Amino acid sequence: MFEKFLYKNKIYAEILRSSYKSAHTKFISNPRSSFQFGIVSHKKGYFEIPHYHKKFLRKIKDLQQVLFVQKGKLEVIFFNNNKKIIKKIIIKKGDAINIVQGVHSIKILKNCQCITVKQGPFISEKMDKICV
């Protein structure tokens, strides 16, 4: 299953559950988003021709973060500007979430290990995060 969490008509998170199946490669993010989130699916024998990705200047003003849970279980908690909880999303083994925007925190519910991906370059914790 694929889910989107919207708040005030803005996408805050995109979630791919481990149960989500697709017969072909599919990106679920808005094509104009600075970060593309999707699933790659091919049948046995598929071969992608050798290639590389063109370099060109991209202007990125946001920072999105993907968490892919390899083991365990966690909860991503979203807050509004008044620090009130607006949504809790449980992510378990095999699930992935793209945190698109918004104030959020992570609570570990079961010993957990995730693969995380963010846009770079990484400068420092101080430059990357604003704690509220």
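User: Where does Gln119 lie?
Analyst: Gln119 lies in the loop between β8 (103-118) and α1 (125-128). Helices (H or I, at least four residues) and strands (E, at least two) are DSSP runs, numbered from the N terminus. This is a predicted model; local features need pLDDT of at least 70, side-chain atom pairs count only at pLDDT 80 or more, and totals for chains, interfaces and linings use all residues. Residues are numbered from 1 along each chain as its sequence is written, and side-chain values use heavy atoms, with hydrogens and water left out.

User: Is Gln119 buried or exposed?
Analyst: Gln119 counts as buried because its relative accessibility is 11%. Buried is under 20% relative accessible area, exposed over 50%, partly exposed in between (1.4 Å probe, protein chains only).

User: What does the side chain of Gln119 join in a polar contact?
Analyst: The side chain of Ser34, at 2.9 Å. A polar contact is a pair of N or O atoms within 3.5 Å; within protein, one must be able to donate a hydrogen and the other to accept it, and residues adjacent in sequence count only if both atoms are side-chain atoms.

User: Which backbone nitrogen lies 2.6 Å from a polar atom of that side chain?
Analyst: That of Gln64.

User: And which residues is Gln119 in contact with, leaving aside neighbours within four places in sequence?
Analyst: Ser34, Phe35, Ile60, Asp62, Leu63 and Gln64. Contact means heavy atoms within 4.5 Å.

User: New topic. How many residues has the largest nonpolar core?
Analyst: It has 13. Ala13, Val76, Phe78, Ile89, Ile91 and Ile97 have the most contacts inside it. Such a core is a set of buried Ala, Val, Leu, Ile, Met, Phe, Trp, Tyr and Cys residues joined through side-chain atoms within 4.5 Å.

User: Which strands each supply at least two residues of this core?
Analyst: β2 (10-16), β5 (65-79), β6 (85-92) and β7 (96-99). β5 gives the most, with 5 residues.

User: What other core lies apart from it?
Analyst: One of 7 residues, among them Leu16, Phe35, Val66 and Ala96.

User: Back to β2. How many of its residues are buried?
Analyst: 5 of its 7, so by the under 20% cut-off β2 is mostly covered.

User: Which strand does β2 pair with over 6 bridges?
Analyst: β1 (residues 2-7), in the antiparallel sense. Strands pair if DSSP finds at least two bridges between them. The two form a hairpin with 2 residues between them, and Lys8 in the turn has a positive phi of about 50°. Tyr7 stands opposite Lys10 in β2.

User: And how many bridges join β2 and β7?
Analyst: They pair over 4, again antiparallel. Leu16 has Ala96 in β7 as its bridge partner.
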